[in-house]
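This report describes one protein chain from its computed geometry. It starts with the terms and the model, then turns to selected residues and a helix.

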Amino acid sequence: MSQRGRPLSVADKRIIGVPVLPGSKANPGSGSSLSIAGPLTNERNNNLSGSSIAVINDDRIFLPGLTLENTNVLKWKLRHQDFVPNCVKNSKKEDEYERFSSLVERANQWSIQNQQALVFSFETVIWPSIDRPIFTDSGILQKSMHADKKTKIYRGLRVWYFVYDENFYEPAASPGPFKLGYINYTLEGKSDAFPSLLSKINGDMFKRNVAGKIVKLETLHMLGDISDPDVCFWIEQPDKSRDFVSFVRLLYIFKKDGPEELKYGDIGFRDFIPACDQRTPHNHGYEIFSDLWRKAARWLHSNPNLKFINAQGLFVKVKKDNVDSQSTLWDRCNYKEHGSAYGSLGHQKTEYFQVLRIVYHQVVSPTSGAGAAGGAGGAGEVIPKKLFYKVFTPLQLRRAVSLPSEELEPPVPLDGHFEDLRQLEDKANAWLSFSGAKVCGIETVTTRLMTGGQEMLGPEATFVYNDREKSQNRESLRVNIRMYVDGEFKDFQPSWRSSLASNLSFAFSSGTLSTN
């Protein structure tokens, strides 16, 4: 982000970028790179074909056709594709659904059929539902908070990609197809901890068992009585206690025509835990997410030998017997969420911290192959990264709707009265077009709409809880998009709403361009 009061120089003006993908047509060799001298002008843009991709040596793909002087046309667009587990066997006790491996296979088939899609990331997402079918693009989801109603949990796959021309693309010049892969790392018993998972991951990296570029290492949770990380459906009873176990899922991607040999140093985690600063009562006096990100960004900038892989907002249970809340979270791999629901005799609050987890690996020199730092600007030179983030939240549409307060039932379903993910993508694409930011990561963040300590701060809240309150028998969950960007970008001016709306050639159904 540009410093306040200082105009952006020519070097600051950047076009949209996404993580470089191994085996790209523009980068057939692991050591090849193409530098771009200065920003692309409109004349230069006209000489570039719609499917050309310029690669520079800071591990980003730069997308042509857009500069900050040319914000009225957005050629490359951010899109997503969801894969929901299908029911494969009906049962009176509990239906059986597809496993996560089947979803990945379906995603790979989709990439073959949609080669115009430049896949740059994918993630594991969850859709809760009570008694209605799920709609994956809905900006509002629901979970039960009543003892007589259960919550159905669907765990699926979301693929993020960029596309240059969605309708009239050139198949011969398309960047795809891409192949997605994953590896699950689970704990062995309650005495096991995360360091053993890291040892397994680094062991696989040393043996080159990972066939492509790592896009994410997710820390996920599963029910303790399931013990299978590939299970994509389960049922939760809100008034019953639930035991959860953590595991790590490594996600990677490579070109369909064959993986490229990539060199990774040791992979590690760094957790940033909210400290008590007594600033806002809406977060129980703890630091909010932006405070954690500032600390993490400074830490990454001061350690340029560490290569950023991904960031994750992770909810970790606050254990009452742990006096030091700032201690390491390696030992918090198993936890119990207490039963708390309207209509039950007893209830107990379960409190959580939202922890910022940074995943990184040591930079490995392409010449020495071990330990030495290799730079983006030359041999042995390492350029520090400046990382930022942007959140896009579904807003309430401009129509009459009364939110439930003390009522037992909401008067109308809320999912049709808030923006959906397609509208969030429109806002994100508008912001990318205006700012020229380079995308280096993205994640879906679900927050409570009316309870749990997130009703005021949303995804910025770092102290949240699960408990019955306000006599509600269901909770609405808001689906947010958190985007991580690399490098400085052009920020909005105070009058950005009117100026941006006049420069963009497409309208927004919500009537607002707000990203808050």
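A contact here is a pair of residues with heavy atoms within 4.5 Å. The structure is a predicted model, in which local features need pLDDT of at least 70 and side-chain atom pairs count only at pLDDT 80 or more, while totals for chains, interfaces and linings use all residues. Residues are numbered from 1 along each chain as its sequence is written, and side-chain values use heavy atoms, with hydrogens and water left out.

**Overall picture and confidence**

The protein chain holds six helices and 21 strands; these are DSSP runs numbered from the N terminus, with H or I of at least four residues for helices and E of at least two for strands. Of its 516 residues, 56% count as buried. Buried means under 20% relative accessible area, exposed means over 50%, and partly exposed lies in between (1.4 Å probe, protein chains only). Among contacts with a separation of 6 or more, 79% join residues 24 or more positions apart.

The predictor's confidence in each residue is given as pLDDT, from 0 to 100. The mean pLDDT of the protein chain is 73, and 67% of its residues reach 70 or more. Confidence is highest in helix 2 (residues 100–113), at 96, and lowest in strand 2 (residues 54–56), at a mean of 29. Over residues 1–73 the pLDDT is below 50, and this stretch has 171 contacts in the model beyond near neighbours in sequence. Residues 367–380 also stay under 50, with 25 contacts beyond four places in sequence.

| Residue | Relative accessible area |
|---|---|
| Lys-216 | 5% |
| Tyr-154 | 12% |
| Cys-232 | 2% |
| Cys-440 | 7% |

Lys-216 lies in strand 11. A polar atom of the Lys-216 side chain lies 2.8 Å from the backbone oxygen of Ile-442. The C-alpha atoms of Lys-216 and Gln-312 are separated by 9.1 Å, although the two residues are 96 residues apart along the chain.

Tyr-154 belongs to strand 9 (residues 151–163). Not counting residues up to four places away in sequence, Tyr-154 touches Cys-232, Phe-233, Tyr-97 and Trp-127, among others. Tyr-154 and Val-84 are 7.4 Å apart, C-alpha to C-alpha, and 70 residues apart in sequence.

With a disulfide taken as a pair of cysteine sulfur atoms within 2.5 Å, the count comes to zero disulfides.

**Helix 3**

Helix 3 (residues 194–206) has 13 residues and reaches 18 Å from its first C-alpha to its last, close to the 18 Å expected at 1.5 Å a residue. The expected span is 1.5 Å times one less than the number of residues.

Which residues of helix 3 are buried? They are Phe-194, Leu-197, Leu-198, Ile-201, Asn-202, Asp-204 and Met-205. These residues cover an arc of only 155° around the axis, which puts them on the same side of helix 3; the arc is that of the directions from the helix axis to the C-beta atoms. What covers them includes strand 10 (178–186), strand 11 (213–223), strand 13 (242–255), strand 14 (267–272) and strand 17 (350–362). The face turned away from the buried side carries the exposed residues Ser-199 and Phe-206. After helix 3 comes Arg-208, whose phi is positive, near 60°.

How values were computed. Polar contact = N/O pair within 3.5 Å; in protein donor to acceptor, adjacent residues only side chain to side chain.
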